[in-house]
Amino acid sequence: STIESIKVLSNTSLSISGETSSKKNKQIKEQQFFFDYVFDQNASQQEIYTKTTKPLLEGIIEGFNATVFAYGATGSGKTYTMLGTQSEKGIMPRSVSDLFKLLQRFNNKEFKIQVSYIEIYNEEIRDLLGNREELKLQEDPVKGIVLVGVKEISVENIDNFYDVLYKGNLKRTVGKTNANEASSRSHALLKINIENKDKEGPNSSNVTCGRFILVDLAGSEKNNSSINNNNLNKNAIRQQEGAKINQSLLNLGICINALASKSKFIPWRNSKLTHILKDCIGGNSKIVMISTISPSLFCVDETLNTLNYSNRAKNITTIIKKNVINIIDRDSQVSKYREIISNLTDELEAKRNQLAVITNNKYLIDVSGEVVSNDSTEKTIYYIVTKAAGDNKILEPKGKYKWSDGSSYEGDFKD
């Protein structure tokens, strides 16, 4: 077609040609790109889902992590691919529907499924299943990236999940632009945690934990595509949103470049999006990236950027491992730590009783506030002898000393 810049050459390759919108109107010579799969405009939602996402599901149930995210320019079909419509469901509802079907095969296992749904709007993380309150990010040495206070809802069947997804989507930030009547103005992340264990048998103490994250990224865009000519008062808001979206996607691209080139330093903290995706695209997780592009000659710049972005992402490699927790080991470790804490508390109390028995509400302290004498009538500071590593250790008094009421001490020091 004379209005198309894209040619699908095979089910794994395509080419792009056309003229960019740069001041010099640079003409692009035909460039070819190769990917795992290339789908043309006739591909169905079922076909895309079957070849990209469905192969991940059994691994998630077995305790592996997986991430699927859609990237592309505004209006190129990301949200349609991920969410779909009532008649043509997208990857999110199709994958969860198949997950519940798979779970029904395991009569000898117990499953626990929890769902959380958030958006990143103007560098604020909001809970779509709560009151859209802003959430804070923390890094846990065991759990990885944690969203403090995020609402997690347990779901027992597909109807429960559809209800959660519907309520979350109602709260997502959208807006009218030149490129799209209902453009996504935020990045949305749906996380599904699946825990399972044998009901009985030798492995009944082992819990496998699979994490499934589905990401619908907001679209990269040019300033004029985010303008709504029918409501000029909202132009400033739309342009600010577009700037934040582009900045976060730029940072994601920088992280992808660093991962692809095996760089030792990855700037995850440059944006909320990259920080929250740290464990997804740079850690223990299988990754599927779905790039959506427009064949129109008016979108050559965005299409070429998307293809280059995807081409670099092909070089990312991750090391995945099964997530297994032994309940007995976990409980015994908790009991062990409780015992240690109890012993330390007893030791601390004994030390306080030894050094801080207050007489007449007056006792000696050093400059750091540590008690060195428990008797207000004492006029001499003695060396403090403590037990350390099985040997007697003498701690010599150091620094200036005073009474707890603030008055100065003028006594002597003795062995």
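Which helix does C255 lie in? C255 lies in helix α6. The model described here is predicted. Helix α6 runs over residues 235-260 and packs with helix α9, residues 300-313. The largest nonpolar core has 35 residues, and a second, separate core has 31.

**C255 and its surroundings**

- C255 counts as buried because its relative accessible area is 0%, under the 20% cut-off.
- Leaving out residues up to four places away in sequence, C255 touches I266, P267, W268 and T274.
- I281 is 26 residues from C255 along the chain, and their C-alpha atoms are separated by 9.2 Å.

**Helix α6**

- Helix α6 has 26 residues.
- From its first C-alpha to its last, α6 reaches 37 Å, close to the 38 Å expected at 1.5 Å a residue.
- K262 follows α6 and has a positive phi, near 60°.

**Where α6 meets α9**

- Two packed helices are described by the angle between their axes and the distance between the axes.
- For α6 and α9, the angle is about 35° and the axes are 9 Å apart.
- The crossing of these two helices, α6 and α9, is left-handed.
- On the α6 side, the contact is made by L249, L252, G253, I256, N257 and A260.
- On the α9 side, Y309, R312 and A313 take part.
- By class, this contact of α6 with α9 has six nonpolar, two polar and one charged residues.

**Helix α9**

- The 14 residues of α9 should span 20 Å at 1.5 Å a residue, and the end C-alpha atoms are 20 Å apart, so the two values agree.
- Buried residues in α9 are V300, E302, T303, L304, T306, L307, Y309, S310 and A313.
- The cover over the buried residues of α9 includes α6 and the strands β1 (6-8), β2 (13-19), β3 (27-34), β4 (66-72) and β14 (286-292).

**The nonpolar cores**

- In soluble globular proteins, nonpolar side chains tend to be buried together.
- In the largest core, the residues with the most contacts inside it are V68, Y117, F161, L190, I192, F212 and L214.
- Helix α4 (residues 91-103) gives the largest share of this core, seven residues.
- V68 touches T53, L56, M82, F212, I213, L214, V215, V288 and I290, not counting residues up to four places away in sequence.
- The second core includes I118, L217, A260 and I266.
- A260 of this second core is also one of the α6 residues that meet α9.
- I266, also in the second core, is one of the residues that C255 touches.

Key. Residues numbered from 1 in each chain as written. Predicted model: local features only at pLDDT ≥ 70, side-chain atom pairs only at ≥ 80, totals over all residues. Heavy atoms only, no water. Core = buried A, V, L, I, M, F, W, Y, C linked by side-chain atoms within 4.5 Å. Buried < 20%, exposed > 50% of the residue type's maximum accessible area, 1.4 Å probe, protein only. Helix = DSSP H or I, 4+ residues; strand = E, 2+ residues; numbered from the N terminus. Contact = heavy atoms within 4.5 Å. Axes fitted to C-alpha atoms, helices over the stretch in contact; angles between N-to-C directions. Left-handed = near helix turned anticlockwise from the far one by under 90°. Nonpolar A, V, L, I, M, F, W, Y, C, P; charged D, E, K, R; others polar. Expected span 1.5 Å × (residues − 1).
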